[in-house]
Amino acid sequence: MAGTLPDGPGTAHTYRPKGTVDADDVARLADLLGVEGTPVEEHGAWRVGPQKDGSGAVLRVDAQAPATWTYHVGGPVTDNCPKGKKACPPDGGRSGKPVGEDAAKRAAAPVLEGLGLADARLDASQVMDGVRVVNADPVVAGLPTYDWSTGIRVGTGGAVVGGSGRLLEPVRAAEYPVMTAQEAVAELNETVGHRDGRIGGCATPVPNGGPQAPDVMGGAAEPTGADPAAPCEPGRTPLPPKERVTIRGAAFGLAGQLEKGAPALVPAWLFDAERENGERYRFAYPAVPVERLAPEPDEAGGHLRVDQYEARDRTLTVWFTGGVCSRYTVRAEETATQVKVRLYETPVELDRACIALGVDLSDTVTLRAPLGDREVVDAVSGEPVPPK
């Protein structure tokens with residue numbers, strides 16, 4: 001984008017859902033969705049439906065904040081639904097051609113209005129097995145949101161056949177200093193991750209950079225670190241080249257992230273981006289430095305650890321094991337005798353289902369002075385990190 005990226009406010013609040021839901025709250029949601037039955041509490045959650053014969057819709061709501069709910073038409077998988085059971089399509093309304101985006105939005109509108117989401121940002125482009133999904137991103141405290149959406153699924157017949165969301169509204173919580181959009185882009189370019197969440201190929205150190213964000217004039221940031229075309233082992237498939245995207249716009253808002261280990265809406269920059277193939281999409285990056293959002297470290301071992309390091313002049317490269325659905329940032333604190341390193345993890349998407357697969361990653365930081373004879377230690381445990 002031409003010109004400079006916006007600065008945003010100096011400070012901003014996080015927002016967290018708090019409290020519990022009771023039978024009356026669940027009954028109101030069930031009535032809104034047209035689910036028949038009385039709320040029943042079981043194993044820390046509420047359930048409404050199905051009917052005694054197993055047919056009909058099912059609504060489940062977690063009792064504790066954020067009171068996540070899921071709804072689906074359900075019913076037996078059969079071609080012989082009981083006569084008069086209008087909510088008993090054997091495939092949940094998935095057979096046939098999906099309805100258009102406008103029709104899906106009209107079908108979802110009464111539910112979204114009842115949930116207080118009449119002014120939400122709607123996206124009905126997603127289609128799953130013939131079912132069109134209307135994703136509604138709420139406006140919270142006057143700010144747009146990302147990764148906190150309510151999804152309403154509309155079947156081929158134009159009826160709502162499923163959905164999910166959070167029943168409790170988030171309330172204002174802690175206040176933090178925030179980064180400008182330019183600072184967020186710079187930090188994003190310094191994070192690492194298993195590119196695109198791809199599974200398989202080489203589980204080897206990944207070059208510094210992770211998902212690439214561009215400079216403010218629209219040119220993509222140049223890849224840094226090791227040659228991404230180099231195979232990790234002889235005969236192994238090399239990792240794909242680093243993605244380069246162009247930012248077309250940036251807005252200050254809120255994004256679903258973990259704050260001190262709990263789900264929250266945190267101050268974030270919402271970037272409108274364009275891939276090299278012309279595809280447009282939106283992504284978010286926290287405007288709060290990762291160390292401010294991280295939970296208190298567990299010296300007993302409940303934190304990310306650096307496995308090895310290599311130092312060349314003022315460059316310190318560290319190797320560690322991470323997951324496939326997160327970005328990672330390394331921080332280094334220097335003293336006269338030590339360099340203390342700590343890793344921070346940021347989920348790419350808060351609600352994304354992710355396979356429990358560890359991959360080898362690396363990241364690089366620039367020191368104020370060459371490492372020399374200083375010791376590299378884990379910042380939390382104080383244990384030495386072995387050289388590579």
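**Cores and paired strands in a predicted model**

The largest nonpolar core has 32 residues, and those with the most contacts inside it are Leu33, Val35, Leu59, Val61, Trp69 and Tyr71. A nonpolar core here is a set of buried Ala, Val, Leu, Ile, Met, Phe, Trp, Tyr and Cys residues joined through side-chain atoms within 4.5 Å, where buried means under 20% relative accessible area with a 1.4 Å probe, protein chains only. This is a predicted model, in which local features need pLDDT of at least 70, side-chain atom pairs count only at pLDDT 80 or more, and totals for chains, interfaces and linings use all residues. Residues are numbered from 1 along each chain as its sequence is written, and side-chain values use heavy atoms, with hydrogens and water left out.

- A second, separate core of 22 residues includes Tyr176, Leu188, Val245 and Tyr285.

**Strand E14 and its partners**

- Ten of the 14 residues of strand E14 (residues 262-275) are buried.
- Strand E13 (residues 245-259) pairs with E14 in the antiparallel sense over 14 bridges, pairing requiring at least two DSSP bridges between two strands, and Gln257 stands opposite Ala264 in E14.
- The hairpin of E13 and E14 has two residues between the strands, and Lys260 in the turn has a positive phi of about 55 degrees.
- E14 also pairs with strand E15 (residues 280-286) in the antiparallel sense, over seven bridges, and Pro286 in E15 is the bridge partner of Ala268.

Definitions and conventions. Buried means under 20% relative accessible area, exposed over 50%, partly exposed in between (1.4 Å probe, protein chains only). Helices (H or I, at least four residues) and strands (E, at least two) are DSSP runs, numbered from the N terminus.
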